[in-house]
Structure formats: C-alpha cells, structure tokens
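Reader: I have some labels here and would like to know what each one rests on. Could we take them one at a time?

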Amino acid sequence: MRSFVKQIAAVLLVAWVLGGYPLYLWQGTDILIAAGVGCAICTLNALAGAYLAIWGMRRDNRTFMTIVFGGMGIRLIIVLIFFFVALKLVKLHVFSLTLSLFLFYVVFQILEIRFFVGRPPDKANNSGV
C-alpha cells in the first residue's frame, strides 16, 4: 500500500507543479479551487478503493468480489454526491471540476491497475489452481 500511496503523491506533486501555477495564471483561483476539489475527490476515492481491495485479498474469492464490486458502486455513488454538492451548493466552476475529476480518475485507475497487476499473489489464498 505504501508504494501505491507514494505513486499517488508523485502524480499529485507533478500535476500541481506543472498545472497548478499555469492554471492560476490563466484563469485565477476559481478554476484552481474547482480542480483541487476534483483532485481531492479522486484521491480519496483511489485510496479507499486500494484499501478495500487489499483488505479483500485476504478473504475468499466470493467475499473479495463482493468487496471490490460493491465498493466500486458505493464509491461511485459517493463521488457523484460530492460532485453534485460541489456544483449546486458550493457553486464551483463546472468545466474545471468535471475535467479534473475525469483526468485524475483515469490516472489513478491506471496506477491502481498497475499496482494490483504487479502485486504477487497472496500465499494464504493460493490454492494451487
């Protein structure tokens, strides 16, 4: 999990160093705040997903699949709730929030896939099949 968190931290650092200041100069603080909220939502979503998947790997296959797919559905609903709250109640910039949500979601999904594909199988669950 630490390597995954380090990868997320590296992506966040690069994104904000390369994109934060130019975004601020181009449009000001409104766009930067909306992009930051989208980034925060996706970061929390990715960390929760990784934690649930790692926790589920220690369980049997049925429980693992329930945790992963059920967690995906619940996390998607939570992301949508935060998205609509940010748009309607906080009145953030729509395009910036949407674009940052999409971009960070895609990047974090790539990192998550790379993390789990490169992870060795758990010996406790290895049935030899």
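Reader: What does Phe64 touch, not counting residues up to four places away in sequence?

Author: Phe64 touches Ala53, Gly56 and Met57 on that count. Touching, or contact, means heavy atoms within 4.5 Å. This is a predicted model, in which local features need pLDDT of at least 70 and side-chain atom pairs count only at pLDDT 80 or more, while totals for chains, interfaces and linings use all residues. Residues are numbered from 1 along each chain as its sequence is written, and side-chain values use heavy atoms, with hydrogens and water left out.

Reader: Where is Phe64 placed, and why is Phe64 called partly exposed?

Author: Phe64 is in helix H3, residues 61-88. A helix is a DSSP run of H or I with at least four residues, a strand is a run of E with at least two, and both are numbered from the N terminus. The relative accessible area of Phe64 is 23%. Buried means under 20%, exposed means over 50%, and partly exposed lies in between, with a 1.4 Å probe and protein chains only. The value of 23% therefore makes Phe64 partly exposed. Between the C-alpha atoms of Phe64 and Gly20, 44 residues apart along the chain, the separation is 38 Å.

Reader: What makes Ser100 buried rather than exposed?

Author: The relative accessible area of Ser100 is 7%, so Ser100 is buried. Ser100 sits in helix H4. Leaving aside neighbours within four places in sequence, Ser100 is in contact with Ala34, Ala35, Gly38, Cys39, Cys42 and Tyr105.

Reader: Why is H3 called roughly antiparallel to H4?

Author: The axes of H3 and H4 (residues 94-117) come within 10 Å and cross at roughly 160°. That angle makes H3 roughly antiparallel to H4. Angles under 35 degrees count as roughly parallel, over 145 as roughly antiparallel, 65 to 115 as roughly perpendicular and the rest as oblique. The axes are lines fitted to C-alpha atoms, for helices over the stretch in contact, and the angles run from 0 to 180 degrees between N-to-C directions.

Reader: Which residues make the contact of H3 with H4?

Author: Val79, Phe83, Ala86 and Leu87 come from H3, and Val94, Leu97, Thr98 and Leu101 from H4. They divide into 7 nonpolar, 1 polar and no charged. Nonpolar covers Ala, Val, Leu, Ile, Met, Phe, Trp, Tyr, Cys and Pro; charged covers Asp, Glu, Lys and Arg; the others, Gly among them, are polar.

Reader: How do you know that H1 is roughly antiparallel to H4?

Author: The axes of helix H1 (residues 2-27) and H4 come within 10 Å and cross at roughly 150°. By that angle H1 is therefore roughly antiparallel to H4. On the H1 side the contact includes Phe4, Val11 and Trp16, and on the H4 side Phe104, Leu111 and Phe115. The residues of this contact divide into 11 nonpolar, 2 polar and 2 charged.

Reader: What makes Phe4 and Phe115 a tilted pair?

Author: The structure holds 3 aromatic pairs. For Phe4 and Phe115, the ring centres are 5.4 Å apart and the planes are at 40°, so the pair is tilted. Rings of Phe, Tyr and Trp (its six-membered ring) pair if their centres lie within 6.5 Å; planes under 30 degrees apart count as stacked, over 60 as edge-to-face and the rest as tilted. Phe4 in helix H1 and Phe115 in helix H4 are 111 residues apart, so the pair links distant parts of the chain. Phe4 has 0% relative accessibility and counts as buried; Phe115, at 9%, is also buried.

Reader: Why is the pair of Phe83 and Phe84 called edge-to-face?

Author: The planes of Phe83 and Phe84 are at 70° and the ring centres 5.4 Å apart, so the pair is edge-to-face. Phe83, at 14% relative accessibility, counts as buried, while Phe84, at 46%, counts as partly exposed.

Reader: What is the phi of Lys91, and why is Lys91 called exposed?

Author: Lys91 has a positive phi of about 60° although it is not a glycine. Most residues other than glycine have a negative phi. Lys91 lies in the loop between H3 and H4. Its relative accessible area is 64%, so Lys91 is exposed.
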